[in-house]
Amino acid sequence: MVPNEMILKGNEVNTEKALKSKLISKRRHHTLPQWGTAWLVLFPALIFLTMFMLYPILNTFLSAFVQSYHYSDSAGSFAISQFIAGVLDGNETDMAFGLSNFKRAMGNGTFLRSIGNTAILVIIEVPLTITVSLLIATFLNSIKVLKGFYQSVFFLPYVTNTIALGLVFGIVFSNTEGGLANVLITKLGGKPINWLSWMADEHLGQAPATRFHQGIVIVLYALWNGLAFKILVFMAGLATIDSQYYNAAKIDGASNFTIWRRITLPLLSPQILYITITSFIGAFKMYTGVMAVYSNMNVTKPAYYFGGADGNDWVPVVGWIYSTLDGNRNNTGEASAASLILLGIIMVITAVQFAVSKKRVHY
Amino acid sequence: MAEHAMYFTDDKARRIYLTKKIISRVFVYLFLSIFALFLIAPFIMMIAGSFISADSFHKFTLNGDFSYLGFGTNELGEANWSFANYKQILSMNNANYNFPVYFLNTFIVAIISTTVTVVTSVLAGFAFARLEFKGKEALFAILLATMMIPGEMMVITNVITVDLLGWYNTFAALTLVHGVSVFYVFYLRQTFQQIPNELYLAAKVDGVSDLGYLWKVMVPIAMPTITTIIILSMMGAWNSYVWPNLVTDNTGWALNGNHSMKLVSNGLRDAFNANGLETGEAIKIAGSMVISTPLFIVFILFRKYIMRGVSRSGIKG
């Protein structure tokens, strides 16, 4: 038994140690050891994690390389089990392991088109959204009157349903009923535009919507949808910048732009890097937003329609992956290969961003 | 600006400074207002459009007269607006379009998936924050790594797993597959770690078990974080589209003899498409409004929780 005085005399760490040793001796008889409790409370999370996250990552990775992956086979869904069964049975089709799924995906015109589409949307949307949200955050940070009101308005798009508001966007850019955009254009003296419809409108003398006009609507909706989160992060970053920097710069007579360029931007660079990386990743995985603006179309394949007569004018990579998978689940190998290609593109771009940012980001 | 007065040598310099300041203020407010209008216009269109008749909507488009969107009267002195669009969308009750079922499905999924996710995440967050066990660091690193893999890779295999388990068109597919959120585990771990160690030791002296400590001390202290997670998770279920689209269709369980496992977003998306309904645009807008209204109410009530959670996570639904 440790004398009480010793515990009291000792510093905090000793007290803790003494208490702990006392606890352990007390607990040993009637409660679970700590590691036991730990695995017990982790158990539910680990089951879900293993079944629906770790196993799928592994399986998708492998099924991209198993050449004739057919999950409904008796070998089960695990791609490697099909491979092993193929080896054991001497079934050459099942054990074929290679790049044929990648070749099939890369030989698919629609997939190549989806990569091009996604690249165009990423290159336009990411810089546009970041610039606008950075400006809004800076301006918002400089005002006092109505600041809370504007903050709520700018955050509002975040808490909306992408499909519901995409439908509204589709109607706003409709060339017939309810087309607010065309009403405004007409009022300003312009000619109404066929934004989204793949059908020519003889009554209005309109040709089918061009890819350019469809692209404008898609980018506008992405901008509308993407500002809120970026403004929120930039505002949080701006709030941490010490006002002493600004006071010092003002005393030195620096202009507002110089202050923004030399103080705000460098001190905000960690947030800018974070937003740039997450925006690039998010934009490469764009799917729901593109599909949502076409919600208003009367076409036959609702879930995978992306404009144009063939439904693929603006098909994004993820849209192609899901439509391939949903059309026939035996296309899994091809879809998996495509998802690995997407992962590769994302990883390369993220790595480049980290490399470029090393000299420019001030932590 | 009294504190600036001392910097100016004369009245003229001060006046120039003030003029510049006013001009920049005007510019700032103009810029913010233009973008605020851009962001809010679809909402105005949605709210106004959901109440007006198809006829008024048509006239608005033809004439470009905004008064048709307002809550006024028409040439005959009749009210320009009504709840007719809402009545129509909520009474749709046939084999393909059944909004009451979509609502019920979404409520059930939101409640079950939120309960499951919160329980698993609180328990796992507790283990990582407070308990010592072998393999803790390695397990944590694995969790961290899964956050970097695009969800699409998991979806591809999960679709197959759901098929093989016979979960297609079941609530299990919609709730259990996302039964744990790695982000919520991180968020809770961080919150739990801020609770002082002394409380744990004090509880131990009092003979409280680890789980008792979690339930009686940590959960109440971490309640703001847990509330944020509950709200974000509910909103996620309400807005989910991609996953339900892959694992549900218009069969499965039935209400009033109509089968559907679809959720609200899928229902809305599919209702006005393909073999969809021949309706005016006004009723589509009412459908969007019906789905958005619960989100607006949640936003008004829990704005602080939502904004705090979102600035930490960066995930949308």
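Tutor: We begin with a definition: helices are DSSP runs of H or I with at least four residues, and strands are runs of E with at least two. Please note that the model is predicted.

Student: What does the secondary structure of chain A come to?
Tutor: Runs are counted as helices or strands by their DSSP letter and length. On that basis, chain A comes to 16 helices and zero strands.

Student: Are α3(A) and α16(A) roughly parallel or roughly perpendicular?
Tutor: The axes of α3 (residues 34-63) and α16 (residues 332-357) of chain A come within 7 Å and cross at roughly 105 degrees. Angles of 65 to 115 degrees count as roughly perpendicular. Therefore α3(A) is, relative to α16(A), roughly perpendicular.

Student: In chain B, which helix gives the most to the side of domain 1 that touches domain 2?
Tutor: Chain B is divided into domain 1 (2-83) and domain 2 (90-313), and eight residues of domain 1 are in contact with eight of domain 2. On the domain 1 side, α2 (11-51) and α3 (54-63) of chain B each supply at least two residues. The helix that gives the most, with four residues, is α2(B).

Key. Residues are numbered from 1 along each chain as its sequence is written. Chains are lettered from A and ligands numbered from 1 in the order in which they are written. This is a predicted model: local features need pLDDT of at least 70, side-chain atom pairs count only at pLDDT 80 or more; totals for chains, interfaces and linings use all residues. Domain bounds come from an automatic or database domain assignment. Two residues are in contact if their C-beta atoms, placed from the backbone, lie within 7 Å. Axes are lines fitted to C-alpha atoms, for helices over the stretch in contact, and angles run from 0 to 180 degrees between N-to-C directions. Angles under 35 degrees count as roughly parallel, over 145 as roughly antiparallel, 65 to 115 as roughly perpendicular and the rest as oblique.
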